[in-house]
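Here's a quick walk through one protein model, from its overall make-up down to a few side chains. Have the viewer open as you read.

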Amino acid sequence: MLNGLSLKRQPPPGGGGIPADMLRKYGLIGILLLAVIVLSIVSDAFLTFTNLMNVLRQVSINGILAVGMTFVILTAGIDLSIGSMMAVSAVIAASIVSYNPDLAIVALLAGMLASGALGGVSGTMSAKLNVAPFVATLAMMTIARGIALIYTNGRPIVIDSPSFKFLGQGYLGPIPFPVVLFILVTVIMSIILYKTKFGRYIFAVGGNENAAHISGIRVSRVKIWVYVINGLLAGLAGVLLASRISSGQPNSGMGYELDAIAAVVIGGTSLFGGRGSMLGTIVGVLIIGVINNGLNLLDVSSYWQQIIKGVIIAGAVILDQRAKRA
């Protein structure tokens, strides 16, 4: 009887498990290709080199944020403060280049370090003081926004530095420079995640924190560094945004954390930690970018865009979850 039940649960001859496995691995890429095909049919402007470069440039900032958020969510954490940290890095970088236009690199590094430090505070609150990541980063979201407003007295800082503007507006050949930075960040972070001991620790901490601690992993240190890395990347994204709009805005970055979290979740990274991939995050970023671009080309009302994006995001996550259970 038992043997009979066991036989019924076996995949059918010919590899019945293969379609489910393929769906699990390539389902998101299929969704992305489907969106590209549909938009190519309904809009003549979509599948042009200029528009595709525009899509990549638009997703580059969200992509950098999503890469950092992947690290955090893999440890079963979350960071709601990256939008506010973007504002801090933007106004600090803008103030430096407004003082001396030739200090673009110094401004970039200062903005990143400031956000990295704020990320470290969030990580310390979570790892050392046992404050839930949601609460710790929610508090940092308010604190960082306040810092940006106090630093600028609530006013934007105009940027005239050509070298600083190149970061967000320049091109390397036909490729927008933010896209080059996005690719570079993805490659470096992928190497850290998959080829280093620290990357293995991230998966271990997210998979089972107690087991990771018993096996000798310094869980608190891993968590703090994950939030520092996330802060550094939020700082880079903030500087790129300031460069693109030629000003450091204390209110910039609002809502960016939601798109970053959505991209990571769409990409298949578990909110409970321990499972996910950088490739999935990149595909998630591209899905959101393509949808945004397509809806703009079709002149869909911004109000309807919010509803359509929410439905598509929910649908993509449901399909991916079903594929994982198949």
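## Ground rules

A contact here means heavy atoms within 4.5 Å. The model is predicted, so to speak of local features takes a pLDDT of at least 70 and side-chain atom pairs count only at pLDDT 80 or more, while totals for chains, interfaces and linings use all residues. Residues are numbered from 1 along each chain as its sequence is written, and side-chain values use heavy atoms, with hydrogens and water left out.

## The big picture

You're looking at 14 helices and four strands (DSSP runs numbered from the N terminus: H or I of at least four residues for helices, E of at least two for strands). Of the 326 residues, 48% are buried, meaning under 20% relative accessible area; exposed is over 50% and partly exposed lies in between, with a 1.4 Å probe and protein chains only.

Take the contacts between residues at least 6 apart in sequence: 78% of them join residues at least 24 apart.

## The core

The largest nonpolar core has 82 residues, and Leu65, Val67, Phe71, Phe164 and Met189 touch the most other members. Such a core is a set of buried Ala, Val, Leu, Ile, Met, Phe, Trp, Tyr and Cys residues joined through side-chain atoms within 4.5 Å. Helix α11 (residues 219–245) supplies the largest share, 13 residues.

What does leucine 65 touch, leaving aside its neighbours within four places in sequence? Its contacts are Ile82, Met86, Asn230, Ala234, Ala237, Tyr256 and Ala260.

## A buried serine

Serine 126 sits in helix α5 (residues 104–127). Its relative accessibility is 8%, so serine 126 counts as buried. Skipping neighbours within four places in sequence, serine 126 is in contact with Val131 and Pro133.

## Aromatic pairs

Searching the whole structure turns up two aromatic pairs. (Rings of Phe, Tyr and Trp, the last by its six-membered ring, pair if their centres lie within 6.5 Å; planes under 30 degrees apart are stacked, over 60 edge-to-face, and the rest tilted.) One of them joins phenylalanine 166 and phenylalanine 177, a tilted pair at 4.9 Å centre to centre with 40 degrees between the planes.

Why does this pair tie together parts eleven residues apart in sequence? Because phenylalanine 166 lies in helix α7 (residues 162–169) and phenylalanine 177 in helix α8 (residues 177–195). Phenylalanine 166 is partly exposed at 34% relative accessible area, whereas phenylalanine 177 is buried at 15%.
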